[in-house]
Amino acid sequence: MDNIQYILNGMVREALSPQTAAVAIAVIGLNIHFGFTGLLNMGQSAFMLLGAYGFAISIWHGLPMILGILFGFGAAFIFALILGAPTLKLRGDYLAIVTISAAEIIRYVGRSALLVDFTGSAQGIPGSKYTTAFDNLSFFGNGSFTLIPFNYRDVADGAAWVRVIGWILVVAVITLIVLRLRRGGAFEGIAQAALTALMFVVGIFLIFFLFPVPYLSSEWWVRFVAWALVFACTAVVFLLVRSPWGRALRGIREDEDAIRSLGKNVFAIKMQALVIGGLFGALGGMVYVLSSSVQPDSMGRSLTFFCYTALLLGGAATIFGPVLGSVLFFAGRIGIKYIAATYVPDSVMSGQQTEQFSYIVVGVALMLLVIFRPQGILGNKRELRFNV
Amino acid sequence: MSDQMAQPTAASGMADPAARRALTGGFAPEPGSAKPDPILVVDNIVRQFGGMTAVDVGHLEVQRGLITALIGPNGAGKTTFFNLITGFDRPTTAGKGAHWAFDGRTLDKTSASSVARAGMVRTFQLTKALSAMTVIENMMLGAQDQAGENLFKSMFRGTWAKQEREIEAKADELLGRFKLYEKKHDYAGSLSGGQRKLLEMARALMSDPKMIMLDEPMAGVNPALTQSLLGHVQSLRDEGMTVLFVEHDMHVVRHISDWVAVMAEGKLVAEGPADTVMSDQAVIDAYLGAHHDTDLGDDALLTDEAIEELEEEVAAEREAEEETK
């Protein structure tokens, strides 16, 4: 029982971490590219890295934080224009080739020793050089706290049955929310939206009741900002894709020539989508480095593929898919790792091997997902297309 | 030509068959003939794929308000010609003498989307219904000048909600006319082939085009639906729209077209009213074949004598051809 509690606690901690939120924001951007417009962007990590560099380098060199944020967005904006101008008139595959190589170029330039005064080369920029301004904005005070002041240990001394019932309830609430979102009716009536929101709040309370995670105030501050940004980005995407502009995006995903024959400037709309998704990526990159450091190798190809896994898991071309997918992806991976570390003896699998094992399982899971449920958890099968 | 232009028949409604016959009777039945009020004028369009010349049209005028059919054998360059004038392809002669103008506006360097915005909307031979979107979404994509398609306005519903309602009302009306209203919320992918053709035509009409270009609108459509499609095409003409269409079914061409242009091996080889063109020897040789009036499903043709007779004729033709070489 304690083992299970330990594993689930670790999963909740990972699900809540600012890096999960950061990846969720980047996946929201990737969803605009891949899910709604059908742009095969294989370099979302480069948008993240550019956002992080713009943000960190500016602040490190004494500029105010707001300028750092603008520089981060500016870098991603220019990157999107440079990538899009030659490729968006061609077939989708070319964008994929160009983005994957451009992402590697950005990473290698970041690693280069020539730019050590700006990027810190391969060692990167330690967080202490740029996070002070952000930490100073915190209104969470000092010390450490858990999010709600009581937890399972306060009820019947944390007896096993309290936790088991709680876990079942959590699973039930999450399933209900997912079902509600999948039917797509979540936003049709105010009552329904309110009900979903209520279930959401109940679910959050239950989770914090069952898995108390004590953090320093500054750590809560990063998490608070990161998740607030995730929900803000989700709202922005919701507003964008329900509009005629979003309809044109989906039309382009289906058939560019048809949209062209209807008098729409396909190139301009694709460019707008590439830029918007890239800006989300840059924001994700800035959040990603708030609780760690800017390291070019931490934002490489593998991060792009994690983004795709999270997107496909949650469901491409859905509003909440990216968030759900990111949370499940990171929490699930940690869960696999902890289970392997707890239950598989060291003679079979060492501590380091559990890390690799978790990635193998994730890779296999992605393959199974694409084969058996290509629309993801929230996706609509009839709207799904992989013919980019 | 200028005195003809003064005739009231040219631009006004062409609903009266007698008026149409009177008008087309004035055109010279020869390739590249001048029309009193051309909505589309094409000059010197050549498209080569490597060494092969797919399209080589010297001059073509399309009269406003009429149904013009473009016929020709497979590989004659009809669809390529469509692609060229609608901006989906660029002529090899671009910048070297290729000119085409629509409704007085030069389109030499215009992109496909601007051509559509100028009022010349096309459909495709292989229907491009957006199958993972609903019928009504397909329709609403066809409307022009939507405020909500501006990225900065799109997030604020207030800036486009009213226009959206107007567009939807218009789409509903067109769907009703094309008998697709019950399918409004179905995915376009669930429609039959013929219904997709209807949807594509209706979607093209959402932009209130001046001229609609249909690429094989009747291909793969059952006879009953063909009848209704023909009715729609004719009613478009009667409302003052110009129609240019590619079609292989000669009955269709004869039935609805006011004027026929024939292409073969990329060139414009004949023009004229349907009946005249179809009895033209060049057209028969290039396209229709000597037996185009014969019903190949007729049992009488299946007798041995009839087949022998046909074989003899074919052999004689081949000999004649070899002699001329």
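In the predicted model, H15(A) passes H16(A) in a right-handed crossing. Helix H15 of chain A spans residues 321–343 and helix H16 of chain A spans residues 351–372, and the two pack at an angle of about 135 degrees with their axes 8 Å apart. Since angles over 145 degrees count as roughly antiparallel and those from 65 to 115 as roughly perpendicular, H15(A) and H16(A) are therefore oblique to each other. On the side of H15(A), the contact is made by Arg333(A), Ile336(A), Lys337(A), Ala340(A) and Ala341(A), while H16(A) contributes Gly351(A), Thr354(A), Glu355(A), Phe357(A), Ser358(A), Val361(A) and Val362(A). By class, the residues of this contact comprise 6 nonpolar, 3 polar and 3 charged.

The loop between helix H14 (301–314) and H15 of chain A contains Ala317(A). The phi angle of Ala317(A) is near 60 degrees, a positive value in a residue other than glycine. Most residues other than glycine have a negative phi. Ala317(A) has 26 other C-beta atoms within 10 Å and is therefore buried, the cut-off for this class being 20 or more.

H2(A) passes H10(A) in a left-handed crossing. The residues of the contact of H2(A) with H10(A) divide into 16 nonpolar, 1 polar and 1 charged.

H10(A), which covers residues 217–241, also packs against helix H13 of chain A (residues 266–290), the two axes coming within 10 Å and crossing at roughly 165 degrees. As this angle is over 145 degrees, H10(A) and H13(A) are therefore roughly antiparallel to each other. The crossing in which H10(A) passes H13(A) is left-handed. Val222(A), Ala226(A), Leu229(A) and Cys233(A) are the residues that H10(A) brings to this contact, and they meet Phe280(A), Leu283(A), Val287(A) and Leu290(A) in H13(A). In terms of class, the contact of H10(A) with H13(A) consists of 8 nonpolar residues, with no polar and no charged ones.

The largest nonpolar core has 184 residues, and those with the most contacts inside it are Ile25(A) and Ala52(A). H13(A) gives the most to this core, with 15 residues.

The contact between the chains takes 25 residues from chain A and 28 residues from chain B. On chain A, H10, helix H11 (244–254), helix H12 (256–261) and H13 each supply at least two residues of the side that touches chain B. The most is given by H11(A), with 7 residues. By class, this side of chain A has 9 nonpolar, 6 polar and 10 charged residues.

Two residues of chain B were examined individually. Ala202(B) is found in helix H8 of chain B, which spans residues 193–205, and with 23 C-beta neighbours inside 10 Å it counts as buried. Leaving aside neighbours within four places in sequence, Ala202(B) is in contact with Met139(B), Leu174(B), Leu175(B), Phe178(B) and Leu180(B). Ala202(B) and Leu40(B), which are 162 residues apart in sequence, are 22 Å apart in space, C-alpha to C-alpha. Asp145(B) lies in the loop between helix H5 (135–141) and helix H6 (151–154) of chain B. The phi angle of Asp145(B) is near 50 degrees, a positive value in a residue other than glycine. With 9 C-beta neighbours inside 10 Å, Asp145(B) counts as exposed, as the limit for that class is 12 or fewer.

Terms used:
Residues are numbered from 1 along each chain as its sequence is written. Chains are lettered from A and ligands numbered from 1 in the order in which they are written. This is a predicted model: local features need pLDDT of at least 70, side-chain atom pairs count only at pLDDT 80 or more; totals for chains, interfaces and linings use all residues. Axes are lines fitted to C-alpha atoms, for helices over the stretch in contact, and angles run from 0 to 180 degrees between N-to-C directions. Helices (H or I, at least four residues) and strands (E, at least two) are DSSP runs, numbered from the N terminus. Angles under 35 degrees count as roughly parallel, over 145 as roughly antiparallel, 65 to 115 as roughly perpendicular and the rest as oblique. A crossing is left-handed if the near helix is turned anticlockwise from the far one by less than a right angle, and right-handed if clockwise. Two residues are in contact if their C-beta atoms, placed from the backbone, lie within 7 Å. Ala, Val, Leu, Ile, Met, Phe, Trp, Tyr, Cys and Pro count as nonpolar, Asp, Glu, Lys and Arg as charged, and the others, Gly among them, as polar. A nonpolar core is a set of buried Ala, Val, Leu, Ile, Met, Phe, Trp, Tyr and Cys residues joined through C-beta atoms within 7 Å.
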